[in-house]
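Open your viewer and get ready to click through a few selections. Here is the model for our tour.

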Amino acid sequence: SSLFSNITIPSSVTKIGQCAFYGCSKLTQITIPSSVTLIGEYSFWQCSSLEQIIIPSSVTSIGKGAFTECKSLKQISIPSSVTSIGDNAFSECSSLTQISIPSSVTEIGDNFFYGCTSLKKISIPFSISKIREGTFWLCSSLMQVLIPSSVTIIGDYAFRECISLTEISIPSSVTSIGDYVFYKCTSLTQI
């Protein structure tokens with residue numbers, strides 16, 4: 001599994017299964033055809049050299065941990081066909097600087113961006129009502145987060161150890177703020 005560097009998945013494939021490319025540490029680029037509708041749990045886990053992946057507009061679901069520890073992945077665009085993204089989907093993608101979440105996504109899982117130490121800013125779409133547990137935990141470069149008025153709950157540890165976050169605006173729609181949400185946010189001066 002560590003020998004492949006570039007893979008093109010044939011158009012006969014409709015889903016990428018659980019742990020399909022797990023540990024393919026030499027894989028740098030993958031082409032997913034428009035026949036694929038599901039990216040399964042931990043599909044690309046520990047593909048530490050993966051730099052580029054284009055998710056086609058046929059994909060509706062991205063499973064739990066799908067891109068966990070893809071440490072070379074710098075940016076990713078999620079198409080508006082995606083409605084569901086599982087827990088830890090992009091956790092420990094330490095080079096990730098840019099990601100766009102479309103309004104078609106109604107829920108993002110726990111620890112979604114955990115340990116994304118290069119992520120500097122993000123806009124949460126109005127379709128999201130809950131910032132889940134540990135969503136931005138250890139996003140040490142995160143300086144700007146736009147929380148929409150659709151959000152009612154901010155879960156435990158959501159912004160824990162976001163040491164570059166200097167200010168955040170919590171909309172009046174929020175009715176619950178969990179435990180340790182801003183724990184060790186040492187630069188935070190304004191809420």
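Start by selecting Ile101: at 11% relative accessibility, this residue counts as buried (under 20% relative accessible area, with exposed over 50% and partly exposed in between; 1.4 Å probe, protein chains only). Ile101 sits in the loop between strand E9 (98-100) and strand E10 (107-108); strands here are DSSP runs of E, at least two residues, numbered from the N terminus. Now show its contacts (heavy atoms within 4.5 Å): leaving aside neighbours within four places in sequence, Ile101 meets Ile78, Phe112, Phe113, Ile122 and Pro125.

A word on the model: it is predicted, so local features need pLDDT of at least 70 and side-chain atom pairs count only at pLDDT 80 or more, while totals for chains, interfaces and linings use all residues. Residues are numbered from 1 along each chain as its sequence is written, and side-chain values use heavy atoms, leaving out hydrogens and water.

Next, select Phe44, Phe67, Phe90, Phe113 and Phe159. These have the most contacts inside the largest nonpolar core, which has 57 residues; such a core is a set of buried Ala, Val, Leu, Ile, Met, Phe, Trp, Tyr and Cys residues joined through side-chain atoms within 4.5 Å. Zoom in on Phe67, whose contacts beyond four places in sequence include Ile39, Phe44 and Phe90.

Finally, colour the open sheet of three strands, ordered E12-E14-E15 with parallel pairing (strands pair if DSSP finds at least two bridges between them). Strand E12 (130-131) and strand E15 (176-177) stand at the edges with a single partner strand each, so one side of each has no neighbour in the sheet. Two bridges join E14 (residues 153-154) to E15, and Ile154 has Ile177 as its bridge partner in E15.

Conventions:
Helices (H or I, at least four residues) and strands (E, at least two) are DSSP runs, numbered from the N terminus.
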